[in-house]
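Please look over the sequence and the structure shown here. The report below takes up one residue and then widens to the whole chain.

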Amino acid sequence: MNKTQDKEAALLREELSRLLATLKHNREKVPLDVLKTKYKKGYTGLCAEIKRRASDYAAKTALNGIRIHRDYLDEAVSIINGTIERSGILKQLSKAAFCHQDMAEFDALAGTLREKILADLEPFYEKHLALYITQECLENPDIPPLIYCVASHCFRQDGKWIPLELYKPRNTLPQEKSA
């Protein structure tokens, strides 16, 4: 996540936490049937806002940093939606928010969902790997080609995926010593 995304996620989390604290306080002080009748408008509005914030925060947490080129978006979205559907975690996230008002539980579930999505996307990314042959590779057979994922536009370097726009080639050619 970049700093802007970090800040957005932190603000979403803070807002959701505040809303859940309000819900918890209301439910502890006022019977549920009274909340649903006498305070229906405010209670319904609070629940709707929690639903929006929880959805935004869970999405930001679970999908953070996942890169998919627009040409591969339909295929990837299908995988992600299938993972979300099969996982059953959305119901658990709802329980964490509305039944338990527990941010730690919510965070853990969103993290689990992220892990499942990343695991299910791995074969998708592997299917779209290519070798990227640089000029240095052509000039020096000891320099291997780069591994490139066309679906994410990332290079594999030192065990990590580096976005194309951030990739800086290593100085792979031996330096000549000056006399």
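Phe155 is buried, with a relative accessibility of 2%. The model is a predicted one, and the values here are computed from it.

A pair of aromatic rings is described by two quantities, the distance of the centres and the angle of the planes. For Tyr132 and Phe155, the ring centres lie 5.0 Å apart and the planes meet at 75°, so this pair is edge-to-face; the cut-off for that label is an angle over 60 degrees. Tyr132 belongs to strand 1 (residues 129-132) and Phe155 to strand 3 (residues 154-157), so the pair ties together parts of the chain that are 23 residues apart in sequence.

## Other aromatic residues

Tyr132 and Phe155 also belong to an aromatic cluster, which they form with Tyr148. In total, the structure holds 5 aromatic pairs. One of them is made by Phe124 and Tyr125: their ring centres are 5.3 Å apart and their planes stand at 55°, so the pair counts as tilted. Phe124 and Tyr125 are both buried.

## Helices, strands and overall shape

The protein has 7 helices and 4 strands. What is the order of the elements from the N terminus on? They run α-α-α-α-α-α-β-α-β-β-β.

The radius of gyration of the protein is 23 Å, while the globule rule gives 16 Å for 179 residues; the value is well over the rule, so the protein is more spread out than a compact globule. Along the principal axes, the C-alpha atoms fill a box of roughly 85 × 40 × 25 Å.

## Contacts and burial

How many of the 179 residues count as buried, as a percentage? The share is 31%. Phe155 is one of the buried residues.

Contacts can also be sorted by separation in sequence. Among those between residues at least 6 apart, 61% join residues that are at least 24 apart.

## Surface and charge

The accessible surface of the protein comes to about 12100 Å². Carbon and sulfur atoms account for 54% of that surface.

The side chains include 28 positive and 25 negative ones. The centres of these two sets lie 10 Å apart.

Note on methods:
Residues numbered from 1 in each chain as written. Predicted model: local features only at pLDDT ≥ 70, side-chain atom pairs only at ≥ 80, totals over all residues. Heavy atoms only, no water. Helix = DSSP H or I, 4+ residues; strand = E, 2+ residues; numbered from the N terminus. Rg over C-alpha atoms; globule rule 2.2 N^0.38 Å. Buried < 20%, exposed > 50% of the residue type's maximum accessible area, 1.4 Å probe, protein only. Contact = heavy atoms within 4.5 Å. Areas by Shrake-Rupley, 256 points an atom, 1.4 Å probe, with all protein chains shown as cover. Lys, Arg positive; Asp, Glu negative; His and termini not counted. Charge placed at Lys NZ, Arg CZ, Asp CG, Glu CD. Phe/Tyr/Trp six-rings, centres within 6.5 Å; stacked < 30°, edge-to-face > 60°.
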